[in-house]
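Please examine the sequence and the model shown here. The briefing after them is arranged by topic.

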Amino acid sequence: MSSESDILLRVEDLSVSFRTDHGSANVVQGVSFTIRRGEIMGLVGESGSGKSVTALVVMGLLPQGIAKVSSGKVLFDGQNLVTMPERAMRKLRGPRIGMIFQEPLTALNPVFTIGSQIAAGIRAHEPVTRQQAHERAIQLLQRVGIPEPARRMDAYPFQLSGGMRQRAMIAMAIACSPDLLIADEPTTALDVTIQAQILDLLREIRDEMGISILFITHDLAVISELCDSVAVFYAGELQEKGEVRQVFSAPRHPYTSGLLSCIPDVARGTRLTAVEGRPPARLSEVPGCRFAPRCSHAIDLCSKVHPSIQSIAGGRETRCFRWQEIQACS
């Protein structure tokens, strides 16, 4: 068990709603998890399951006037980020919390060079000269594996390959040595070779700097390779959480089992299965389990009563009435 001093980020009963033309949509509901210092936690689930919105709450970057935190807390090193003023949040972004966005071509400013963007971030938070920031930016580009870093300082984002742009984004995110790094699907648009290199780089950065990483992805293979723990999201709710090896070897929620069964097994040559159906619309209230309409284990209770998250052996959590039956089948 981890002590309170080991916990860097604690999300407690977080709910987020979006205002739409047709009413309020609950995109995240009752999500709770913790990240220890030096831990890599993966968030996995279908598109629209609430993973990225949860990360935006941590960064304080929810769209104003559209989204709001309905309830809950996000405690970073004991400070509640939900109620923190924007001026105070600006002091945390960069020095304490960094973020790697999903698409670096749109996240990077197209009219400024890579080097100037990295150096600007350093100077915004640290009392260094322009020359010192420039030299630090070169060192960062070298650290993330960009060849000829001094020359690449003058390159614009469109002049770099996708993998090099992502490395530049990582350099910006770690420029001020943050305690927490949020990586929002940083390998989605990359080929498998470059993806493996980026994962190795993130692992090396964690080991060298001792930072915690919140890694968001659709790819279960990436989770199994990189992360220490995993939280499975579905329809805005956390469905299962635990250590990666435990969850992947013996899932305790039918949605997790369904996701794992979707991974092709080339060695066995078995047919690829799929999770039938679609997630529920966010504007509609689901009286029971949100996964029940797609679940082969569902009983009458599942469609009538909404299950709460419950702790099971090994420090794991699941949101399922029938997790013991699923355990017996695994």
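The model is predicted, so local features are reported only at pLDDT of at least 70 and side-chain atom pairs only at pLDDT 80 or more, whereas totals for chains, interfaces and linings use all residues. Residues are numbered from 1 along each chain as its sequence is written, and side-chain values use heavy atoms, with hydrogens and water left out.

**Overall form**

- The protein chain contains 13 helices and 12 strands; these are DSSP runs numbered from the N terminus, helices being H or I of at least four residues and strands E of at least two.
- The C-alpha trace spans about 65 × 50 × 45 Å along its principal axes.
- Of the 330 residues, 46% are buried, where buried means under 20% relative accessible area, exposed over 50% and partly exposed in between, with a 1.4 Å probe and protein chains only.
- Of the contacts (heavy atoms within 4.5 Å) between residues at least 6 apart in sequence, 64% join residues at least 24 apart.

**Nonpolar cores**

- A nonpolar core is a set of buried Ala, Val, Leu, Ile, Met, Phe, Trp, Tyr and Cys residues joined through side-chain atoms within 4.5 Å.
- The largest such core has 56 residues, and those with the most contacts inside it are Ile-100, Ile-118, Ile-170, Leu-181, Leu-202 and Phe-215.
- Helix α7 (residues 162-173) gives the most to this core, with 6 residues.
- Another core lies apart from it and has 34 residues, including Val-28, Val-53, Met-89 and Leu-180.
- Beyond its neighbours within four places in sequence, Phe-215 has contacts that include Met-41, Ala-183, Pro-186, Leu-202 and Val-222.

**Helix packing and burial**

- Helices α4 (residues 114-125) and α5 (residues 130-143) pack at an angle of about 120°, with axes 8 Å apart; the axes are lines fitted to C-alpha atoms over the stretch in contact, and angles run from 0 to 180 degrees between N-to-C directions.
- Among the residues that meet are Ile-114, Ile-118 and Ile-122 in α4 and Ala-133, Ala-137 and Leu-140 in α5.
- Helix α1 (residues 51-59) is largely enclosed by the rest of the structure, because 7 of its 9 residues are buried.
- The buried residues of α1 include Lys-51, Val-53 and Met-59, and the helix is followed by Gly-60, whose phi is positive, near 70°.
- Pro-254, in helix α11 (residues 254-261), is buried at a relative accessible area of 10%.
- Leaving out residues up to four places away in sequence, Pro-254 touches Phe-291, Cys-295, His-297, Cys-320 and Ile-326.
- The C-alpha atoms of Pro-254 and Trp-323 are separated by 8.1 Å, although these residues are 69 apart along the chain.

**Backbone with positive phi**

- Most residues other than glycine have a negative phi.
- Asp-13, in strand β1 (residues 7-20), has a positive phi of about 50° and is partly exposed at 44% relative accessibility.
- Glu-185 also has a positive phi, near 50°; Glu-185 is in the loop between β7 (180-184) and α8 (192-209) and is buried at 5% relative accessibility.
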